Each structure stands twice: as structure tokens, then as C-alpha cells.
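Have the sequence and the 3D view at hand, and follow along section by section.

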Amino acid sequence: MSASEPIGLDEAYSVRTPDDSRRLYAKWASTYEQSFVEAHGYAYHEHVARIFAAADRPVGPVLDVGCGTGVVGVALRRNGVGEIDGVDISPEMLAEAARKDVYRELIVADLTVGLEIASDTYAGVTSAGTFTHGHLGPDSLEELVRVSRSGARCAIGVNAAHFEDMGFAAWFERAVERGLIGEFQIERVATYVTSDPAKLDDMANVVTFAVQ
């Protein structure tokens, strides 16, 4: 695919490694919102922001994981959430996010390796579109708990088609048993405005929980 050719969902869903993600989003960053968010009626980020903003949470900074061009950050700010940091694997996507002027800090990081962020930093964590096949698996959730304060509220979106088979459901259940998080709730939401509820690939599970 040349730089001039449009990037489609097939390319987005074909990533397998962090390097695949870096290459994809370096090419896609400047057109992502027009060719994907607007063209496909992407709604996932709006649901995550709404669910997070409605939850009781302590005062303090919020980490937007896999923030991309900042659509979650904009939705969070519109829902009354301030003091937001964003983290993403793609510096090109973060450059687009910086234009929106909603983030306190933007951090380039690969969550499969870890975050250079002190433990107990954040009062809340959000994520939309990052925990799915080819991007982040359940093991990375441990790092999000580490950087969260006790009592922090999290709203983490997970692709519904992979919630069971990639081990996310099992991770959340074990995290409760281990005392890492309190009991969690799941709200299933549409990824796109035109999502088909019968198709798991069109849906996401937004998991909310408090860090212990």
C-alpha cells in the first residue's frame, strides 16, 4: 500500500505486533478522523467517555490509554472531565491529539513493554479501541492498575468478539479474586452508529471498576 492509497478497516484489523501498529498509525494519523471516525460513524469513544463521566470517582488526573488522535479526550472534556493525560504507541497520532488542546501531557509508550509512569498516579483510566485483537491483550491491564491510585475509577473498552477468547473475562475475574479491583460491571455498546447488535465485532464491552 502506498502512502497515497486510503487505509481501510482491513488494514486496521490486520495488525499483529506493536511494530505493525506503529507503521499503520504513522500512515493513518493525518486522515484517521475523516476516513474512519467520520466515514464509519464511529461511536465507541463517546460511549466510553459517557460511562466514565457518570461514575463516582476521586478528584485527580485521568489517563486515556491508546488515545490516538484524541477523540476520547475531546469526549471526556465535553462530559466535564478535566486534567487528562494521553498515552499511545504512535507519535504521529499523538501529534494530532496535541492539536486538540485537551491533554495535560501526551506520552509515547508501548504498553506491552510498560509505562514509565510512577505507581498510584491516576484517579481514573479510560480506553476505547485499544484492547482488541492485534493491539493490547489482558496482560496490559495489570500496568493500568499499577499506575492507578486506590479508589481510581476505570472504564476500559474491550472488543466484545474477543472478550472471552482472548482471556479478558478471566483476567477481570482473577483481578477481583486477587484484590486488585472491586467488583466490575459491563455495559455493551455499539462501536459504530450503524452497529448490528447481533454481530460481536460491531460491539464492545465497556468494563468499569474501582482499583483497590
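## The cysteines

Cys154 has a relative accessibility of 1% and counts as buried. Here buried means under 20% relative accessible area, exposed means over 50%, and partly exposed is in between, with a 1.4 Å probe and protein chains only. Cys67, at 3% relative accessibility, counts as buried too.

How many disulfides does the count come to? A disulfide is a pair of cysteine sulfur atoms within 2.5 Å, and by this rule the count is zero. Cys67 is in no disulfide, and its nearest cysteine sulfur, that of Cys154, is 16 Å away. In general, a disulfide is a covalent bond between the sulfur atoms of two cysteines.

## About the model

This is a predicted model, in which local features need pLDDT of at least 70 and side-chain atom pairs count only at pLDDT 80 or more, while totals for chains, interfaces and linings use all residues. Residues are numbered from 1 along each chain as its sequence is written, and side-chain values use heavy atoms, with hydrogens and water left out.

## The chain as a whole

The chain holds eight helices and seven strands. These are DSSP runs numbered from the N terminus: helices are H or I with at least four residues, and strands are E with at least two. The radius of gyration is 16 Å, close to the 17 Å that the globule rule gives for 212 residues, so the chain is as compact as a globular protein of that length. That radius is taken over C-alpha atoms, and the globule rule is 2.2 Å times the number of residues to the power 0.38. Along the principal axes, the C-alpha atoms fill a box of roughly 50 × 40 × 30 Å.

Of the 212 residues, 52% count as buried. The chain exposes about 9,700 Å², and carbon and sulfur atoms supply 49% of that area; accessible areas come from the Shrake-Rupley method with a 1.4 Å probe, and for residues only the protein chains shown count as cover. A contact means heavy atoms within 4.5 Å. Among contacts between residues at least 6 apart in sequence, 69% join residues at least 24 apart.

## Helix α5

Let us turn to a single helix. In α5, the buried residues are Val71, Val72, Gly73, Ala75 and Leu76. Which elements cover them? The cover includes the helices α3 (32–38) and α4, along with β1 (62–65), β2 (84–88), β3 (103–108) and β4. Just after α5, Gly80 takes a positive phi of about 90 degrees.

## Helix α8

Helix α8 spans residues 168–177, and its buried residues are Phe168, Ala169, Trp171, Phe172, Ala175 and Val176. Seen down the axis of α8, they fall within an arc of 165 degrees, so they line one face of the helix. The arc is that of the directions from the helix axis to the C-beta atoms. As background, an α-helix has 3.6 residues a turn, so residues three or four places apart point the same way.

The cover over the buried residues of α8 includes β4 (122–131), α7, β5 (148–159) and β7 (203–210). After α8 comes Gly179, whose phi is positive, near 80 degrees.

## Salt bridges

A salt bridge is a side-chain nitrogen of Lys or Arg within 4 Å of a carboxyl oxygen of Asp or Glu. By this rule the count comes to eight. One of them pairs Arg78 with Glu46, with the closest N and O atoms 2.6 Å apart. This pair links distant parts of the chain, since Arg78 is in helix α5 (residues 71–78) and Glu46 is in helix α4 (residues 44–54), 32 residues apart. Arg78 is exposed, at a relative accessible area of 52%, whereas Glu46 is partly exposed, at 33%.

Another salt bridge joins the side chains of Glu187 and Arg50, at 3.1 Å from N to O. Glu187 lies in strand β6 (residues 185–190) and Arg50 in helix α4, so the pair ties together parts that are 137 residues apart in sequence. Glu187 is partly exposed, with a relative accessible area of 33%, and Arg50 is partly exposed, at 36%.

Glu143 and Arg146 form a salt bridge as well, their closest N and O atoms being 2.9 Å apart. Both residues lie in helix α7 (residues 141–146), three residues apart, about one turn of the helix. Glu143 counts as buried at 16% relative accessibility, while Arg146 counts as partly exposed at 27%. Elsewhere, salt bridges that share partners join Glu83, Asp85 and Arg104 into one network.
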